Each structure stands twice: as C-alpha cells, then as structure tokens.
Amino acid sequence: MKSRFEMKLISGNANRALATEIAQHMSDHLTEDISLVDARVERFNDQEVYVEVYENVRGEDMFIIQPTSKPANDHLMEILIIADALRRSSASRITAVIPYFGYARQDRRTRARTPVSAKLVANLIARAGISRVLTMDLHSAQIQGFFDIPVDNLYASPLFALDVCNRFHSYPEDLTVVSPDVGGVERARELAKRLKVGLAVVDKRRAVAGEVAEMTVIGDVNDRICIIVDDICDTAGTLCKAAEILLQRGAREVHGYITHGVLSNDAESLIDKSKLKSLAITDSIEPTEATLATEKIRILPTAPLFTRAIRNISQGASVSSLFDARTLGQIYSGLYTRTL
C-alpha cells in the first residue's frame with residue numbers, strides 16, 4: 001500500500017484553478033505542503049504540445065489533474081504527453097483525474113459509418129501508460145467498460161442533494177426533481193431518492209441534432225419547485241426550453257443542477273434571459289469570465305470531493321464511501337450547515 005508521502009499532483013492547462021484548489025485541500029488535510037509538481041506544459045509555434053517535468057518523480061504515485069474540455073483535443077494531448085513524460089521518468093503509478101471526460105457523448109454508433117470515439121480515447125489513455133482514471137458523472141455508465149484499466153466514476157448527485165437541502169430547507173415538501181430527457185431518468189431518480197421527493201420527466205424529440213422540436217412533461221409539476229438535473233449543459237437550449245415548458249404546466253419556479261457546464265455558443269446569455277430561476281454547475285470545467293458574470297449561474301466546488309477521492313485511491317481505501325451523505329457532509333462541513 002502506498003504511503004501518502006509518495007503521492008504527487010501535476011496539472012495541465014485545462015483547469016489549473018481546480019488543480020490548485022485540490023493541492024490546497026490536500027495540504028490542509030495532511031498538514032504538510034502539497035504543491036503541484038513544477039512542470040512546463042506549453043505549445044510550440046506549430047501548436048505541438050511540449051512537456052518538461054522539473055521535479056524527481058521516480059517511484060512516485062502521480063495524479064494528473066486535467067479535464068478534456070474545450071479545446072478537447074489539445075487538453076487530451078496534454079494528458080497523454082504528461083503521462084508519457086511521467087512514465088519515462090519512472091513514476092510508479094499514474095492516475096488521470098479527468099473531472100470532465102470529453103468525447104463521452106460519442107459512446108455508440110448512431111448511424112452507419114460513424115465512430116465510437118469514447119472507446120478510441122479510452123484506448124489512447126490506457127496505452128499512454130495511465131493505470132487508473134478518476135472522473136465525474138460520465139455521460140453513460142457503459143463508458144467505464146471501454147477502459148482496460150480501473151475507472152472510478154464520482155457522482156455529483158450527493159453534492160447536488162447537499163446544496164438543495166441547504167437552499168430549499170424551508171419547503172422540501174414542494175420539490176420535484178425533473179429529468180430533461182428519458183436518458184437521464186436514472187440520474188434524476190438518484191437525486192430524488194436522496195431528497196425523498198417526487199420525480200418528473202421531460203420527453204424531448206429532436207428534428208435535427210442540437211435542436212429540440214417537441215417536449216412533453218410526464219408527471220405532476222403543478223405548483224412545484226422543479227429541480228432539473230443533468231450531466232452536461234452545452235448550448236443550454238434543452239435546459240431553457242424545459243424550464244419554459246415546466247412553467248407552462250404550472251410549476252412555481254425552476255432551478256437547474258448540471259455537473260458539466262460546457263456552455264458553448266453564448267449559452268450564458270440564453271440562460272440569463274431564460275425562465276430559469278437559477279443554475280448550479282460544478283467547476284469540473286473551468287468557468288469562463290462570461291459564466292462567472294452571469295447572475296443566475298452558481299459554481300459548486302468539487303475540489304473537496306476530488307481531494308478525498310485522490311487520498312483514498314493513493315492509500316488503497318474505498319472511493320464508493322464518498323457517496324454516503326454523512327461522509328459528504330463531513331467533507332463539505334465548512335460550506336454547508338445542513339445534511340440529509
């Protein structure tokens with residue numbers, strides 16, 4: 001079993017803020033200075049990724065903290081090249097901490113002559129010398145099976161439940177959790193179970209990719225405070241349209257809880273003008289200035305959760321124990337006063 005003193009963290013450029021927070025939380029918990037490994041991750045003039053590690057990592061338990069967010073290809077290459085640099089420097093084990101796993105939506109063949117890109121990316125990660133992956137809210141559970149190495153998939157629903165419990169503690173009986181599509185029912189059911197509230201589904205049909213043609217609400221949302229939960233918010237079209245439909249069906253107000261705020265194509269502006277009362281996203285993807293400036297959007301920190309997961313992996317302890325409401329309440333004790 002690895003000793004905690006052999007654990008080191010390194011980051012690419014995708015979300016340095018989250019990596020720095022994780023290092024700070026790790027320092028606080030271990031009462032010793034845990035800094036990100038000093039390394040150079042940059043690009044040549046032709047945009048080739050270049051990595052140089054300035055510290056000794058021989059025999060160390062290394063954790064690369066890097067989501068594969070926009071630009072996905074650049075950030076994926078950073079993970080692969082950092083892993084190669086660490087492997088050639090004799091690191092004993094390399095874990096890729098990928099808070100947001102890009103290409104996850106390409107997890108099956110939707111029509112003839114199309115790729116399964118999520119499987120290809122899984123192969124690349126394993127072949128680069130990475131021995132384990134830690135991620136959060138994979139788009140579909142089957143992606144874990146694409147990897148030939150262990151995958152720990154954290155869930156945001158316990159964190160969402162903690163936040164909902166603190167924000168809506170005065171009227172929990174008025175809440176209804178809503179899945180914005182049939183594919184996300186399991187995720188919404190998990191949150192509804194934790195909160196002990198009802199569940200509704202918005203059944204959407206698309207005319208073309210990225211454009212919603214029709215929506216139908218399944219379940220009673222009349223005079224309810226609706227909590228829409230999903231894993232990814234990209235253009236925010238589905239989310240904002242779902243909020244509008246729910247209000248038309250009699251909902252009192254609508255709030256969104258999304259794990260990964262991709263927020264492309266001026267999504268922030270659409271959210272700000274929408275019928276949504278608020279939107280909570282995690283910092284799995286580094287928030288842009290536009291995201292931080294949007295009044296309706298709140299950022300939920302994932303650093304405490306990832307810190308504990310990294311510690312548990314390094315020390316050979318259970319990761320699934322972090323899904324327990326009591327454990328999560330302890331991890332976020334400085335932020336939330338109420339637990340389930």
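With a relative accessibility of 13%, F146 counts as buried in this predicted model, because the cut-off for burial is under 20%. The residue sits in the loop between β6 and β7 (151–154). Leaving aside residues up to four places away in sequence, F146 touches D107, V116, A118, K119, A122 and N123. Take A122 from that list: F146 and A122 are 24 residues apart along the chain, yet their C-alpha atoms are 6.1 Å apart in space.

A122 also turns up when helix α3 (residues 117–127) is looked at for burial. The buried residues there are S117, A118, V121, A122 and I125. Viewed down the axis of α3, these buried residues fall within an arc of 145°, so they line one face of the helix. A118 and A122, then, are buried residues of α3 and also contacts of F146. As for what lies over the buried residues of α3, the cover includes α2 (72–88), β5 (93–98) and β6 (132–136). After α3 comes G129, with a positive phi near 105°.

Next come two helix pairs. In one of them, helix α1 (residues 16–30) packs on helix α9 (residues 303–314) at an angle of about 60°, and their axes are 9 Å apart. The two helices are therefore oblique to each other, and the crossing of α1 and α9 is right-handed. On the α1 side, the contact is made by L18, E21, I22, H25, M26, H29 and L30. The α9 side brings in A303, P304, F306, T307, R308, I310 and R311. Sorted by class, the residues of this contact come out as eight nonpolar, three polar and three charged.

The other pair is helix α4 (residues 157–167) with helix α5 (residues 185–195), whose axes come within 9 Å and cross at roughly 45°. The crossing of α4 and α5 is right-handed, as is that of α1 and α9. From α4, the residues taking part are S157, P158, F160, A161 and V164, and they meet E190, L191, R194 and L195 in α5. The class tally for the contact of α4 with α5 is six nonpolar, one polar and two charged residues.

The backbone has a few spots worth a look as well. The peptide bond running from K70 to P71 is cis, with omega near -10°. P71 belongs to the loop between β4 (61–65) and α2, and α2 is part of what covers the buried residues of α3.

Then there are two aspartates with positive phi. D223 is not a glycine, but its phi is positive at about 60°. This residue is placed in the loop between β10 (211–218) and β11 (225–233). A relative accessibility of 45% means that D223 counts as partly exposed. For D266, phi is near 60°, again a positive value in a residue other than glycine. D266 is found in the loop between β12 (253–261) and α7 (267–273). With 54% relative accessibility, D266 counts as exposed, because the cut-off for that label is over 50%.

Notes
Residues numbered from 1 in each chain as written. Predicted model: local features only at pLDDT ≥ 70, side-chain atom pairs only at ≥ 80, totals over all residues. Heavy atoms only, no water. Axes fitted to C-alpha atoms, helices over the stretch in contact; angles between N-to-C directions. Helix = DSSP H or I, 4+ residues; strand = E, 2+ residues; numbered from the N terminus. Left-handed = near helix turned anticlockwise from the far one by under 90°. Contact = heavy atoms within 4.5 Å. Nonpolar A, V, L, I, M, F, W, Y, C, P; charged D, E, K, R; others polar. Buried < 20%, exposed > 50% of the residue type's maximum accessible area, 1.4 Å probe, protein only. Arc of directions from axis to C-beta. Parallel < 35°, antiparallel > 145°, perpendicular 65-115°, else oblique.
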